[in-house]
Amino acid sequence: GAARTEIRMMTYSLTSVPVVEALIAARHRGVDVAIVSDFKSNVTGDSSGKARAALSALVNAGCRVRVIKAFAIHHDKVLVVDKETVETGSFNFSGSAATRNSENVMVVWRNQDLARGYLAHWQDRFNQGADYMTNY
């Protein structure tokens with residue numbers, strides 16, 4: 001909720017309703033939200049449809065969403081906010097991560113050097129992805 005200008009996100013699994021709602025709220029505040037997410041876990045392997053619904057809601061809200069299948073698994077779980085704050089760890093952006101799994105997450109505030117490294121990694125993965133096309 002503190003993002004002022006941009007959010008860059010890398011995900012493996014993205015099904016958390018509160019996370020999706022927060023990203024959409026940021027977009028509605030004028031924050032530039034761009035996401036790169038694993039293709040298999042969110043598109044072809046999403047038997048429940050929750051991930052496709054999450055990605056579609058984000059696209060429909062004006063977020064840029066790309067899916068990547070260049071790797072066996074795109075297992076990154078990172079947020080970079082305003083080019084200075086980094087969140088990283090094992091925490092998938094999913095309900096299971098929030099309620100059932102053993103997870104870890106670390107947030108490093110106001111560290112532009114660290115953020116720059118993660119942003120370079122994000123940009124490389126985003127460039128390899130393809131735009132997510134919503135069916136809704």
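Author: Let us start with charge pairs: this is a predicted model, and the structure holds nine salt bridges.

Reader: What makes R4 and D82 a salt bridge?

Author: The closest N and O atoms of R4 and D82 are 3.5 Å apart, and the criterion asks for a side-chain nitrogen within 4 Å of a carboxyl oxygen, so the pair qualifies. R4 belongs to the segment before strand 1 and D82 to the loop between strand 4 and strand 5, 78 residues apart, so that the pair is one that links distant parts of the chain.

Reader: Is R4 called buried or exposed, and why?

Author: The relative accessibility of R4 is 56%, and exposed means over 50%, so R4 is counted as exposed. D82, by contrast, has a relative accessible area of 10%, which is under 20%, and D82 is therefore buried.

Reader: Why is D32 called partly exposed?

Author: D32 has a relative accessible area of 27%, and this value falls between the limits of 20% and 50%, so D32 is partly exposed. R8, at 8%, is under 20% and therefore counts as buried.

Reader: How do you know that the rings of W122 and F126 are stacked?

Author: The ring centres are 4.5 Å apart, within the 6.5 Å needed for a pair, and the planes stand at 20°, under 30 degrees, so the pair is stacked. The count comes to one aromatic pair. W122 and F126 are four residues apart in helix 5 (residues 112-128), which means that about one helical turn separates them, and both W122 and F126 are buried.

Reader: What makes R8 a charge over the ring of W122?

Author: The charged end of R8 sits over that ring at 5.1 Å from its centre, and the distance limit is 6 Å. Likewise, R66 lies over the face of F126, at 5.0 Å from the ring centre.

Technical notes: Residues numbered from 1 in each chain as written. Predicted model: local features only at pLDDT ≥ 70, side-chain atom pairs only at ≥ 80, totals over all residues. Heavy atoms only, no water. Phe/Tyr/Trp six-rings, centres within 6.5 Å; stacked < 30°, edge-to-face > 60°. Helix = DSSP H or I, 4+ residues; strand = E, 2+ residues; numbered from the N terminus. Buried < 20%, exposed > 50% of the residue type's maximum accessible area, 1.4 Å probe, protein only. Lys NZ or Arg CZ within 6 Å of the ring centre and 35° of its normal.
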